[in-house]
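Please look over the sequence and the model shown here before reading on.

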Amino acid sequence: MKNRTFRRPALRTMALLVAAACTGTAAFAQAFDWKKHQGKTVTFLANNNPVANALLKYKDDFEQQTGMKLKVDSYQEQQMRQRLVTVMNSRSDEIDVFMSLPSREGMQFAKAGWYADLSGLVKTAAAPDYDFADLSAGMLKDATYEKQLTGIPMNVEGPVLYYRKDLFQKCGVSLPRSLPELEAVAAKLKSCEPDVTPFVSRGLKPALPFTYSVFLHNMGGQYMKDGKSQLCSKEGQASMALYAKLLKDYGPPGVVNYSFYQISSLYRGGKAAMAFESSNELRNVMDGGARLKDTAIAVLPAGPGGSHPTVIGWTMSVSAHSKNKEAAWYFVQWATSPAVQARLALDGVAPPRSAVAKSPGYKAWTDEQPVRAEWVAAVNELARTGTSEVGYPIVANPASRDHVGQAVQELLLGQKSPAEACAAADKQLDALIAKD
């Protein structure tokens, strides 16, 4: 970014600017009406994950505040996406608002014209206390495509390592300083506690790139270089081999079908010593209280390539085919408002708003349990040093993830060597890149 020099306005000019801003704000405050779309129905396509589940606890508050009805269609993540693609391809107006991951489908959906541009509504139809400037600039940048604002961030998340400090102490192991040392820790845990899964992470083909990407980047690898896939690089093969070996030798039976639902359940039930899973899963992992006292949380140890955690966030987006775009925007701004974000933060949804993250209420909540403070520290580390690159930075990102997942699964199932698996994947991925 170029250095810029800002000149301080004269005092009279500054006073006029402040007065004009205050006058404009007061006028807008009088003009804005939460009941403007009273009687309308907004349909929300939700992913059945901790963010949406926390938000929908306050569904009645939205309906009371706006006089609108919120119709919710909620599905597991893969089914949600299938439903969305069906609706969008038919150019149907039956969905008004949907949850989206810009790091995954942002370019694809934007190029297809599925997102309504929210930039104008932010300027002309936002409540005076919405404070758009307080939202994460990085997350807003990820949600912007060719100057179009495709969604508003709802959370900050990334994979973190949940681990049983009581079992670590009992078995005489500590968190490794280097990623390659993770296997030795898992081996000791397996020998010490044979009835407990030493390590679990995502094994489901379309889901595993979210967690695998940290292994790739920490081992010094990258997905693309000079327009070519790099899974067959030395670092790429090493990262695939390590991830697959941890799941194959130290993971649970059937791990090829594991995503966040199964991982959280396994860890919460005391059946896993380490779980590398989304920071979003804090509430699910801690549900029931059994893991509150014995769990610690950290970012994944650095590798030969350093520490490059994954950081992403869900957005609330409005369908380009909706006939109620402004009413839908009212739901989006309610869901991402400072007041609602403060509530979600107390449910373990890391806020994309700095004011909420710094608020006394949030600090009091984190101070109630040591594991919460560790969780906040880990999420802050993700936000500070993380990358949103999960899969290939191309329009066909979702398809690229399938090829990555396929290659890792082939190693996990013992079907191919790292060289064979990556060669087959690179061929398919180079074809995708060429079409971009």
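Predicted model: local features only at pLDDT ≥ 70, side-chain atom pairs only at ≥ 80, totals over all residues.

Leu45 is found opposite Phe98 in S3.

## The sheet of three strands

A further open sheet has 3 strands in the order S10-S7-S11, and here the pairing is antiparallel. Strand S10 (274–278) and strand S11 (295–298) form the edges, and because each has a single partner strand, one side of each is left without a neighbour in the sheet. From one strand to the next, the twist averages 30°.

Strand S7 (residues 159–164) pairs with S10 over 5 bridges in the antiparallel sense, and Val160 stands opposite Glu277 in S10. Helix H12 (residues 260–268) packs on this sheet, where it touches S7, S10 and S11, and the direction of H12 makes about 140° with that of S10. Helix H18 (residues 370–385), in turn, lies across S7 and S11 and runs at about 15° to S11.

## The packing of H3 and H14

Two packed helices are described by the angle between their axes and the distance between the axes. For helix H3 (residues 59–66) and helix H14 (residues 325–335), the axes come within 11 Å and cross at roughly 125°, which means that H3 is oblique to H14. The crossing of H3 and H14 is right-handed.

On the side of H3 the contact is made by Asp61, Phe62 and Gln65, while H14 contributes Tyr330, Phe331 and Trp334. Sorted by class, the residues in the contact of H3 with H14 are 4 nonpolar, 1 polar and 1 charged.

## An aromatic pair between distant parts of the chain

A pair of aromatic rings is described by the distance of the centres and the angle of the planes. The model has 21 aromatic pairs by the rule applied here. In the pair of Phe44 and Phe331, the ring centres are 5.2 Å apart and the planes stand at 55°, so the pair is tilted.

This pair links distant parts of the chain, with Phe44 in strand S1 (residues 41–47) and Phe331 in helix H14, 287 residues apart.

Notes:
Residues numbered from 1 in each chain as written. Heavy atoms only, no water. Axes fitted to C-alpha atoms, helices over the stretch in contact; angles between N-to-C directions. Helix = DSSP H or I, 4+ residues; strand = E, 2+ residues; numbered from the N terminus. Parallel < 35°, antiparallel > 145°, perpendicular 65-115°, else oblique. Left-handed = near helix turned anticlockwise from the far one by under 90°. Contact = heavy atoms within 4.5 Å. Nonpolar A, V, L, I, M, F, W, Y, C, P; charged D, E, K, R; others polar. Pairing = 2+ DSSP bridges. Phe/Tyr/Trp six-rings, centres within 6.5 Å; stacked < 30°, edge-to-face > 60°.
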